[in-house]
Amino acid sequence: MMAVLCCVLGRKLCSWWPLLLCVCVAEMALGQVRYSIPEEMSTGSVVGNIIQDLGLDVKRLKSGRARIFTEDGSEYIGLNADKGSLVVAKRIDREELCEQVSPCSLHFQIILENPMELHRIDVEITDINDNAPLFSKKEYSFQVIESASPGARYSLESARDPDVAHNTIQTYKLNPTDNFKLNVVSRPDGTKYIEMVLHTSLDREKQEEHKLTLTAFDGGNPQKSGSVKINVVVLDANDNAPVFSQAIYRVTVPENASRGTVILRVSATDNDKGANDEVVYSFSQHTDTASSLFNMDPHTGEMTVVGVLDYEKAKHYEINIEATDKGGLTDTSKVLIEVTDLNDNAPVISIISLSNPIPENAAPDTVIAMLNIKDLDSDKNGQVKCFISKDLPFKIKLASTNFYSLMSDDVLDRETVPEYNITITAMDEGSPPYSTNKTIHLRISDVNDHAPMFPQPFSTAFITENNSPGMSLLSVKASDKDSGNNARISYFLEDSQLNGMSASAYFSVNAESGEILAVRSFDYEQTKEFHIRVKAQDGGSPPLSSNVTVKIMVQDQNDNPPQVLYPVQTGGSLVAEMVPRSADVGYLVTKVVAVDVDSGQNAWLTYKLQKATDRALFEVGLQNGEIRTIRQVTDKDAVKQRLSVIVEDNGQPSRSATVIVNVAVADSFPEVLSEFTDFTHDKEYNDNLTFYLVLALAVVSFLFITCLVVIISVKIYRWRRERLFYQSNGNLPVIPYYPPLYADVGGTGTLKQAFSYEVYGTTDSRKSDIKCSRPFSQSTLNVDHTATRTVPRHKTESENMLTEQKPPNNDWRFTQGQRPGPSGATGGPEVAMGTGPWPQPPTEAEQLQALMAAANEVSEATATLGPGTMGLSTRYSPQFTLQHVPDYRQNVYIPGSTATLTSNPQQQQATAQQATQQALPPPQASAQPEPPKAAQTPASKKKSTKKEKK
């Protein structure tokens, strides 16, 4: 086999890793190629171009259904059949894959069919410096006797670096080096270990403990390091370290060694005596893997098997052992354990490729199946022979190591033998030998002579943009007149370029059903339609096929919000439009310009004013986005105006964008500059103002509704009381009434000026008359005419005279004690001082009742009066007698009131002092006083006659 070796320096990967490609191409159907790549390459990185290296093309890869086969089933390398290149399928870690084995390679095969070809590919994984040296612990402690002489050696644990070659550990450094220095020792087998050497005598009395730092450096670029702290405790006495009998122990163990088997006994001697010559054997602290399989007796030095050994997993072990005496002095040695293989695995047959069925016109030497036969054992135990029965028209041929081809050896006739059962036997050369059988049921198919046919050469499908990947677009169907496998149609998407990419990047076709699926989400704004070709291919050999053209129309969706082009929103600076204060109505402030990349009605934009400092000043054009003034700008308008304009499209659902337009109402730039220095705080102020406005509106609305309900309730209550009065036929109780327009004065119950009146009242007609004569002087009282509003008649002449009189003097005061009524009904301090209010006045119905009752009392009191007296009862006041009233015209009893007006200054002072110590009770708590009997009027005489008859 003639081969050509070529090395290509690849492009720089990961910004600093060179890729070296070494390709070995064979000039036969069986070829071998070797590549070299660094570990930790990103997924999808190109390993090599097998089209160029193997002399193939993309069509050959697809027609031959090229694929990768690995013996261990790993999938580190993938095949891109569209580009004909090998790519990294998943992360490759050389330390995980090969550990310390170098070189580290991946072996796999590329299988091609029709005709069958096998190409062996070797990919060497080179190491990169991706691991730093690492010690098993962060801190170690040593005990050193003070009598140790300079030159004493103390074994240190070596750091571990999974990298290999120059990327592994190169140097060590110990700091400080006042008493100890570092020494690197080489063993006969080429390995190195480090030890700490004492070069200055120790004195425990001066310094009992020494703290050192051991640092390991690798040779990578950039260089990586790892460190560990070392605490050295100085002891007394012991000055001799143990010494192993051998620097390296070698032992061979079969893989079927049972647990507890003693494989080695090590020994170390110590020249000390007593307790200092007792040696303890142990594994080094970093032998983690071996410690689970082997055990070291600390006193005898015997090493036994405690786990299950398997040659196929690990062929050898390296164990570092230590011998330590009571003084802490140690010596180290290495144990090399070789595991020998036994024939304990049977061959394994794997069918990596099978052409089933095969056509009856297949030529001799046609490859039917590709087999991989492997035995995990080694040497003769792993050598395998493969054979089949000689009566079959087939043969087995060795293709490469562990790979066999099942080929036809004669002409096949389906009509004679429609199917075959081929039994493949694999046997190793171990003692005793192991064998494995594998049976292949091979069927012979008919010859394919009809191509699939589509009902129409063209098809059309519609899909809405922003579709989910995997969405079904259309199903194409074809028919084939053949039978069996020749009529089994598979659908494929022909490789074509769509927008500079492969059609498979946009669509996929279900090979079984012909369903066309969208691989990705489409964007109408980028591509509006696609033209693809779907191929229908039957299962015959050679396969026949036909094509159909599918036109796929992408429909638009409202998936893009409007984009505001102007004004440009800047984050660091403030941009404002200036409006002069002389601007008229319709002044063009600015124009909001926005676009929508959608089409149709999804791109129809409308502009609305969302927020504004003064909504009555600006408006936004619904269609053109022009911001204009809607009234004349005045001096009262704020300089800073902030407008929030929302731009909406006409899609369903609609999308929108918001833009902030800052407007400066000013005539000069300095005015704008001074006002806009704190404009950035307006947003927070406007937000707070909006919140408070909404809150105030809610509170005012609640108070308005509450007041409205209360007013309606009061009106209904008064209306019902008035109806009750008119339906009572005048049989109403007498209610004391305190006129709100009279002021309390202290006095003796007489007026300074005479005042006379006549009252005619009746309870049947609901009408009463009051006649008042003109006062004798100007010092009169002004009676509130509203007290007589419930009398349904026109005012008399006397009433008109009352309304023309002046209000009483503010110096007139009287206390509750001087009013006719209960002795306990006294006023409070406010009433005594003339500043307190009267009790709440009764309703109009109550005023009318009081007025009628007062008229009755006056009529009864008039009948009992003699010359010069009023006939008033003494029950109103203990001191209110006739001797104080020389003439009844000098004393006035106000209808409906329990008070008597007077002008006596002495009694005013006395009652004012008494009133300051009393409080005004509610009018409901006051007892109803009995009115005085007055002279009978014609109406009262009629009433008395009725009572006597009853």
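This is a predicted model: local features need pLDDT of at least 70, side-chain atom pairs count only at pLDDT 80 or more; totals for chains, interfaces and linings use all residues.
A residue counts as buried when its relative accessible area is under 20%, as exposed when that area is over 50%, and as partly exposed in between, using a 1.4 Å probe and protein chains only.

Residues are numbered from 1 along each chain as its sequence is written, and side-chain values use heavy atoms, leaving out hydrogens and water.

**Cysteines**

Searching the whole structure turns up 1 disulfide, where a disulfide is a pair of cysteine sulfur atoms within 2.5 Å. Its partners are Cys98 and Cys104, with an S to S distance of 1.7 Å. The link of Cys98 and Cys104 is right-handed, with 60° about the S-S bond.

| Residue | Relative accessibility | Class |
|---|---|---|
| Cys98 | 13% | buried |
| Cys104 | 2% | buried |
| Cys386 | 16% | buried |
| Cys707 | 47% | partly exposed |

Strands are DSSP runs (E, at least two residues), numbered from the N terminus, and two of them pair if DSSP finds at least two bridges between them.

Which strands pair with S25? Strand S18 (residues 248-254) runs parallel to S25 and is joined to it by 7 bridges, while strand S24 (residues 316-325) pairs with S25 in the antiparallel sense over 9 bridges. Lys334 of S25 is a handy landmark: Ile248 has Lys334 as its bridge partner, and Asn320 stands opposite Lys334 as well. S24 and S25 form a hairpin with 4 residues between the strands, and in this hairpin Gly328 takes a positive phi near 95°.

**An open sheet**

Further along, 4 strands form an open sheet of mixed pairing, in the order S34-S42-S41-S36. Strand S34 (458-464) and strand S36 (489-493) are the edge strands, each pairing on one side only. Neighbouring strands of this sheet are turned by 30° against each other on average, direction ignored; the axes behind such angles are lines fitted to C-alpha atoms, for helices over the stretch in contact, and angles run from 0 to 180 degrees between N-to-C directions. S36 pairs with strand S41 (residues 529-538) in the antiparallel sense over 5 bridges, and Ser490 has Gln537 in S41 as its bridge partner.
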